[in-house]
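Reader: I would like to learn how to read the features of a protein model. Please take them one at a time, with the general idea before the case.

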Amino acid sequence: IKKGEFILKEGEYSSKAFVLIEGKVNVIKATIYNDDYIVTDIEAGGNEFFGEVNLIDRGLVTSTIQAKTDCKILEIEHNEFVELMDEYPHIAIKLLWVISYDITKHLRKADEDVITLFNAFVDVVEND
């Protein structure tokens, strides 16, 4: 993937997950004014992957992913993943464990963010 190319676009359907082998990508969300906001970036160097939710549910992409540098990326599509689970269940169990762990981290972070936003909202309402 060349620098500047889009790997995933928020609001589009996808059935793929990606493993970042080399390079760096930006995670981008659209604001309510339809402006792009870089939430974070992901840099290769560990078990860096994205799109895992779409691998499972083949739904709408929740964030745009754009190559910040030239990147090497592995991708797996939902049907390939199902075949992998059937043919090599011992590998699939490990992959599902990694995906579950990552999704759990995202859920915990989302819970913290909701509490922060709720507390800020209550503070504004009470002091208005």
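**Reading the model**

Author: Along its sequence, the protein chain runs in the pattern β-β-β-β-β-α-β-β-α-α. That gives three helices and seven strands, where helices (H or I, at least four residues) and strands (E, at least two) are DSSP runs numbered from the N terminus. The model is predicted: local features need pLDDT of at least 70, side-chain atom pairs count only at pLDDT 80 or more, and totals for chains, interfaces and linings use all residues. Residues are numbered from 1 along each chain as its sequence is written, and side-chain values use heavy atoms, with hydrogens and water left out.

Reader: What share of the residues of the protein chain counts as buried?

Author: Buried means under 20% relative accessible area, exposed means over 50%, and partly exposed lies in between (1.4 Å probe, protein chains only). Of the 128 residues of the protein chain, 25% are buried by that rule. The C-alpha atoms fill a box of roughly 60 × 30 × 25 Å along the principal axes.

Reader: How is an aromatic pair read, and how many does a search of the whole structure find?

Author: A pair of aromatic rings is described by the distance of the centres and the angle of the planes. Rings of Phe, Tyr and Trp (its six-membered ring) pair if their centres lie within 6.5 Å; planes under 30 degrees apart count as stacked, over 60 as edge-to-face and the rest as tilted. The search of the whole structure finds one aromatic pair. The ring centres of Phe 18 and Phe 50 are 5.4 Å apart and the planes are at 20 degrees, so this pair is stacked. Phe 18 belongs to strand 2 and Phe 50 to strand 5 (residues 49-50), so the pair ties together parts 32 residues apart in sequence. Phe 18 is buried at 4% relative accessible area, and Phe 50 is buried at 5%.

Reader: What about salt bridges: how many does a search of the whole structure find?

Author: A salt bridge is a side-chain nitrogen of Lys or Arg within 4 Å of a carboxyl oxygen of Asp or Glu. The search finds seven salt bridges. One of them joins the side chains of Glu 75 and Lys 16 (3.0 Å, N to O). This pair links distant parts of the chain, with Glu 75 in strand 7 (residues 72-77) and Lys 16 in strand 2, 59 residues apart. Another salt bridge has Asp 102 and Lys 105 meeting at 4.0 Å, N to O. Both residues lie in helix 3 (residues 89-126), three residues apart, about one turn of the helix. Asp 102 is buried at 12% relative accessibility, whereas Lys 105 is partly exposed at 45%.

Reader: Which residues have a positive phi although they are not glycine?

Author: Most residues other than glycine have a negative phi. Asn 34 has a positive phi of about 65 degrees. Asn 34 sits in the loop between strand 3 (24-30) and strand 4 (36-43), and is exposed at 64% relative accessibility. Arg 58 has a positive phi of about 50 degrees. Arg 58 is in the loop between helix 1 (52-57) and strand 6 (64-67), and is partly exposed with a relative accessible area of 47%.
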